[in-house]
Amino acid sequence: MSMTQARLSKDGLPDDTGAFAWLRALGPQGRRAFAGAFGGYGLDSYDFFTLPLSMVAIAAYFSLDSGQTGLLTTVTLVVSAIGGAAAGVLADRIGRVRALMITVITYAVFTVLCGFAPNYETLLVFRALQGLGFGGEWAVGAILVAEYASGKHRGRTLGAVQSAWAAGWALAVIVYTLVFQFLDADTAWRVMFWTGALPALLIVYVRRNVHDAPEAAAQRRESAEKGSFTAIFREDLLRTTFFATLMSTGVQGGYYTLATWVPTYLKTERGLTVVGTGGYLTFLITGAFTGYLTGGYLTDRLGRKKNIAIFAVLSVVAILAYINIPAGADGLLLVLGFPLGFCMSAIFSGFGSFLSELYPTAVRGTGQGFTYNTGRAVGALFPTLVGFLATSWGVGGALVFGAVGYGLAVLALIGLPETRGRELLVPEPVGR
């Protein structure tokens, strides 16, 4: 890190302390990359949540049962595995920034098209295609920023990027509350999707201001195996790829179960209005935002594996507490939304740094894109399972399956190395 990239301390050395040391350490180019990745992931979140928030209205408009409704989320997540893996390969072959712009354009275009869907089948296709861009954005943006960040601060830096998910979620809830208050439900859900055009504004900024980390770009260009799926399944990386995928499956199975079905649970089983649901989700989202930032700090302080294990266990406890609140105790439901959002988000803070550190530069995009998004696709079976079980168990009872996913994630950690403090731009083998 050069002297121009950080504030200097009294002895003339870079100041490596303070709450925002991680941001200073990025340098001017790194901060621009951070802004691009933060914006891309926040708008990725916004476009994703247009569906869960509009789910009740969509189900009524097309006369869908809970299984068909859950399939809308599942197909998005399943196809995101293809998009994420493809974006990872592109990031290794054509660069992080160019791949980032492709993913943002893709998810924005197909989110808007969802608003024009004349029937359920068309909506299902458009939502699946939206998953292509949705799947790739996080992996590409996380790698872009990780390659600017130092090993000491990488957890906090990527945790801050991850917090953009909560910011996008909050924006979606605000827009949802306004749109559904002033428009009839049959029109409002379409308008929600049309607002998914917002990410187009980000492309202008990224194209003009954001560049790949120079050292990482040089290493990637010099490698003969960049963007190779074969490489992440070779003998020294096979174990890492398998267990990282299993970990991603568990965490995302638990997360997307809750993200997809909690709004429906609040409306159908708790009888909350649009405004009431927005209020309850405010506590959940505030907890999520705080959890991302706290988890980022702890993943640097405790290590990647400990952070994930701790919050996997706490997420299970929070889920069980949330769905077993007695009828009528809506005040307690409100309060418990904060720790639920906190725990299920803090666990993700270590993902960007952990997965980036598990793979060498030439196949970092491929490895992270494949493991994260394959885990997302398999974990997507959880929301569909909840949808089908909800008819007999109720949505609240079926949500317990989210806890199973977190247990799976803890088991997967046994097969992965701890990577805290690892520098990314040193060409060394990563396998165990």
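**Figure 1. Surroundings of Gly-141 in the predicted model.** Apart from residues within four places of it in sequence, Gly-141 is in contact with Ala-37 and Leu-100. This view, like those that follow, is taken from a predicted model. Gly-141 belongs to helix α5, which covers residues 120-146. With a relative accessible area of 2%, Gly-141 is buried, because the limit for that class is under 20%. Leu-158 lies 17 residues from Gly-141 along the chain, and the C-alpha atoms of the two are separated by 9.6 Å.

Figure 2. Helix α3 spans residues 66-94 and includes Leu-90. When residues up to four places away in sequence are not counted, Leu-90 touches Gly-95, Ala-99 and Ile-102. Thr-366 is 276 residues from Leu-90 in sequence, yet the C-alpha to C-alpha distance between Leu-90 and Thr-366 is 8.1 Å.

**Figure 3. Packing of helix α2 with helix α9.** Two packed helices are described by the angle between their axes and by the distance between those axes. For α2 (residues 27-62) and α9 (residues 200-209), the angle is about 160 degrees and the axes are 10 Å apart. The two helices are therefore roughly antiparallel, since angles over 145 degrees fall in that class. The crossing of α2 and α9 is left-handed.

**Figure 4. Residues at the contact of α2 and α9.** On the α2 side, the contact is made by Arg-32, Ala-35, Gly-36, Gly-39, Gly-40 and Leu-43. On the α9 side, Leu-202, Tyr-205, Val-206 and Asn-209 take part. Sorted by class, the residues in the contact of α2 with α9 are 5 nonpolar, 4 polar and 1 charged. Gly is placed among the polar residues in this count.

**Figure 5. The chain from which the close-ups are taken.** The predicted chain contains 19 helices and 0 strands. Of its 432 residues, 61% count as buried. Among contacts in the chain with a separation of 6 or more, 83% involve residues 24 or more positions apart. The chain exposes about 15,700 Å², and carbon and sulfur atoms supply 68% of that area.

How values were computed:
Residues numbered from 1 in each chain as written. Predicted model: local features only at pLDDT ≥ 70, side-chain atom pairs only at ≥ 80, totals over all residues. Heavy atoms only, no water. Axes fitted to C-alpha atoms, helices over the stretch in contact; angles between N-to-C directions. Helix = DSSP H or I, 4+ residues; strand = E, 2+ residues; numbered from the N terminus. Parallel < 35°, antiparallel > 145°, perpendicular 65-115°, else oblique. Left-handed = near helix turned anticlockwise from the far one by under 90°. Contact = heavy atoms within 4.5 Å. Buried < 20%, exposed > 50% of the residue type's maximum accessible area, 1.4 Å probe, protein only. Areas by Shrake-Rupley, 256 points an atom, 1.4 Å probe, with all protein chains shown as cover.
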